[in-house]
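The following note sets out points for a colleague who is examining the model.

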Amino acid sequence: EISLGLVGSEMCIRDRHVILEALRYEGLIALRYQFLKVSINGTYVGVYNLEEHFETRLLENNQRRDGPIVKIDEDMLFQLINQDLSRTNKDGTLFTQSPIDTFQKAKVLRDPVQLAQFEKAKSLLEAFRAGDAAVEDVFDIEEFAKYYAVTDVFMGKHGIRWHNQRFYFNPLTSRLQPIGFDFNDDKPGLDPLSRINREHGIFYGTNWALSLIHI
């Protein structure tokens, strides 16, 4: 599965393509991403970005053993958005109450090994959300440190909101690793140095981590 989207601006190129290459350089999991000129029925419609999806080939391309890719489901969030209800002060509640899901669900459910791995990943993330598990017992600290550093340098903070996070469960370490996704700067022009020492630092706004991941 792939994702195809219209390239809207030079910022899109910077925030998506360059940051993914930076993540790849640091040895982190990064989606394959390229730009294509697209014509439909002979009519040129512009330059589109072609983006890899979350499945086994993504892991293979990043030299990772096959394992579940999980996320916090964002359906509850978009139900609020579609109802034109304010999200203000609701992110924390949505973060703790939204279900944890996996990509390639049919494949995972058919495979007893991957199903057990998904259940483990889910229990770890649920324990973290409840405040019952330490950061280092759930996440690959070194990888997340690099991930947040790269994210902040390139001002890709949209990708670290709780509903945009994607996690690979490493079956060898039983830890969650970040998968870079959906990077852009919600407020263009902000210098990263002006945000580093603010409350929540690089954790822009009311994001998935809240204060739990501050170590």
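1. How far does helix α7 (residues 141–153) reach from its first C-alpha to its last? In this predicted model, the 13 residues of α7 reach 18 Å, close to the 18 Å expected at 1.5 Å a residue. Just after the helix, M155 adopts a positive phi of about 55 degrees.

2. The burial of α7 deserves attention. Its buried residues are E143, F144, Y147, Y148, V150, T151 and D152.

3. Aromatic pairs number 10 in a search of the whole structure. For F144 and Y148, the ring centres lie 5.9 Å apart with the planes at 40 degrees, so this pair is tilted. Both residues belong to α7 and are 4 residues apart, about one turn of the helix. The rings of Y147 and Y148 have centres 5.5 Å apart and planes at 55 degrees, so this pair is tilted. Y147 and Y148 are both buried. A single aromatic cluster is formed by F128, F139, F144, Y147, Y148 and F167.

4. Strand β2 (residues 33–40) pairs with strand β3 (residues 43–52) in the antiparallel sense, over 8 bridges. Within this pairing, Y33 of the chain stands opposite E51 in β3. The two strands, β2 and β3, form a hairpin with 2 residues between them. In the turn, N41 has a positive phi of about 55 degrees.

5. The side chain of N170 reaches the backbone nitrogen of L172 at 2.8 Å. With neighbours within four places in sequence left aside, N170 is in contact with R175 and Q177.

6. As to the chain as a whole, the secondary structure comprises 7 helices and 7 strands. Along the sequence these follow the pattern β-α-β-β-α-β-α-α-β-α-α-α-β-β. Of the 215 residues, 47% count as buried. Among contacts with a separation of 6 or more, 68% are accounted for by residues 24 or more positions apart. The accessible surface of the chain comes to about 11,100 Å², and 53% of this surface belongs to carbon and sulfur atoms.

How values were computed
Residues numbered from 1 in each chain as written. Predicted model: local features only at pLDDT ≥ 70, side-chain atom pairs only at ≥ 80, totals over all residues. Heavy atoms only, no water. Polar contact = N/O pair within 3.5 Å; in protein donor to acceptor, adjacent residues only side chain to side chain. Contact = heavy atoms within 4.5 Å. Buried < 20%, exposed > 50% of the residue type's maximum accessible area, 1.4 Å probe, protein only. Areas by Shrake-Rupley, 256 points an atom, 1.4 Å probe, with all protein chains shown as cover. Expected span 1.5 Å × (residues − 1). Pairing = 2+ DSSP bridges. Phe/Tyr/Trp six-rings, centres within 6.5 Å; stacked < 30°, edge-to-face > 60°.
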